[in-house]
Amino acid sequence: MPICITCTEPTPYLYTVYSDSAYNLRLEQCKKCLSFADPYVEHDSLTLILDLILLKRGVYRHLLYNRGSEPRIVCETKNATIPTNPSNAELAREKARWMRILRLSSGTVLVDAFIRWAQLNPTICADISQWSNDTSVVFLRILVGCFVETVAFHGGVMLASIFVLHVSDWLTAASHIRKEGVSGVRQQFRISLIPLSVHYSSFTKYFLLFLLTIWRPSTSKIDGKPYRYHGPLYENALVIRALEIWDEDKLDREWVVRNILGGVAAGFGLRVVLDCHPFFTTAVILVGWVVKTAVAELLRDWVSVDQDVWLAYSIP
Ligand SMILES: [Zn+2]
């Protein structure tokens, strides 16, 4: 069943369509908070993507729980509502979610493999005429490696999430904190929502990585020296060292975006689905990273590329 994106109360329909015109629709109001259940049903894809990049909770709830839900259809000539089968609709939406996961996974694995391959072979990447059979084999191995890592990461995150949900339920039952009952998010929980939320949260990371490819940081000044912090303002050694971390030659911005910002965004996406304390979602992400890094470590000899670079870019 869909949910209200403001208060997560389950609602049977998000909007009503009148059978005389496909464009004649009316948004449903939530019975609990009295706001529109899901205004995103009227928004275009560009607005959805922008709000997804900006990590807005409402758009996550719309895409995860409400996308593809059946409207209430009213036949005006007979003045009657055409009934829909809720169990069939739920099955169709679950199937659509897994198909979406498959499509998003194939896209991100391909992009991730190409980015890593480009990092490892910058000269061939710039000149496509140097592409040979050996290069294809290396690319295919990186592609398979990325696929196995992605499966390991999502597997680790899913198992950790299920464990966290059990612990969270047990803690709630033991302390009797939640008196108002189970939230709509938890009532409508499906296992497919975990990988889907992680995929949606990676949009923020890919957008920032894309920006970094356009506005690459300058590696040196005009006289050839790298940008460094020269601190006449501070005399404290700790402050100077903290500021030196941001020097162009020491800070790997891609690593920061992939790991730190990617992790924060994934934690945000998981929190929408798991509806638990940020401590638990952070723990889930860390478990996923550990599993993924362990698998990357196992794969590095088989991939047979520069091992340091492979491991440095092993966490998307
Ligand atoms: Zn509501």
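Author: Buried means under 20% relative accessible area, exposed means over 50%, and partly exposed lies in between (1.4 Å probe, protein chains only). The model is predicted, so local features need pLDDT of at least 70 and side-chain atom pairs pLDDT 80 or more, while totals for chains, interfaces and linings use all residues. Numbering runs from 1 along each chain as its sequence is written, and side-chain values use heavy atoms, without hydrogens and water.

Reader: Why is E28 called buried?

Author: The relative accessibility of E28 is 11%. The cut-off is under 20%, so E28 counts as buried.

Reader: What makes E28 and R72 a salt bridge?

Author: The term requires a side-chain nitrogen of Lys or Arg within 4 Å of a carboxyl oxygen of Asp or Glu. E28 and R72 meet at 3.1 Å, N to O, so the pair qualifies. E28 lies in the loop between β2 (25-27) and α1 (45-53), and R72 in strand β3 (residues 72-75), so the pair ties together parts 44 residues apart in sequence. Helices (H or I, at least four residues) and strands (E, at least two) are DSSP runs, numbered from the N terminus. R72 has a relative accessible area of 25%, so R72 is partly exposed.

Reader: How many salt bridges does this rule give?

Author: The count is five. Among them is D51 with K56, at 3.7 Å, N to O. D51 is buried at 10%, whereas K56 is partly exposed at 39%.

Reader: What makes E149 and K292 a link between parts of the chain?

Author: Their side chains form a salt bridge of 3.2 Å, N to O. E149 sits in helix α5 (residues 133-175) and K292 in helix α10 (residues 278-303), so the pair ties together parts 143 residues apart in sequence. E149 has 0% relative accessibility and counts as buried. K292, with 1%, is buried.

Reader: How do you know which atoms are donors of the zinc ion?

Author: Donors are N, O and S atoms within 2.8 Å of the metal (3.2 Å for Na, K and Ca); water is not among the atoms, so sites may look incomplete. The SG atoms of C4, C7, C30 and C33 lie 2.2 to 2.3 Å from the zinc ion, so they qualify. The donor residues follow the spacing C-x2-C-x22-C-x2-C. C7 is in the segment before β1 (15-18) and C33 in the loop between β2 and α1, so this pair ties together parts 26 residues apart in sequence.

Reader: Why is the site of the zinc ion called tetrahedral?

Author: Four donors count as tetrahedral if all angles lie between 85 and 135 degrees. Here the angles among the four donor atoms are 105 to 117 degrees, so the site is tetrahedral.

Reader: What makes the pairing of D38 with H62 a polar contact?

Author: A polar contact is a pair of N or O atoms within 3.5 Å; within protein, one must be able to donate a hydrogen and the other to accept it, and residues adjacent in sequence count only if both atoms are side-chain atoms. The side chains of D38 and H62 make such a contact at 2.7 Å. Another, of 2.8 Å, joins the side chains of D38 and N66. D38 is in the loop between β2 and α1 and, at 0% relative accessibility, counts as buried.

Reader: Is R97 buried or exposed?

Author: R97 has 4% relative accessibility, so R97 counts as buried. R97 is found in helix α3 (residues 86-120). The side chain of R97 makes a polar contact of 2.6 Å with the side chain of E94.

Conventions:
Four donors count as tetrahedral if all angles lie between 85 and 135 degrees; four count as square planar and six as octahedral if opposite donors are over 155 degrees apart and all others between 65 and 115; anything else is irregular.
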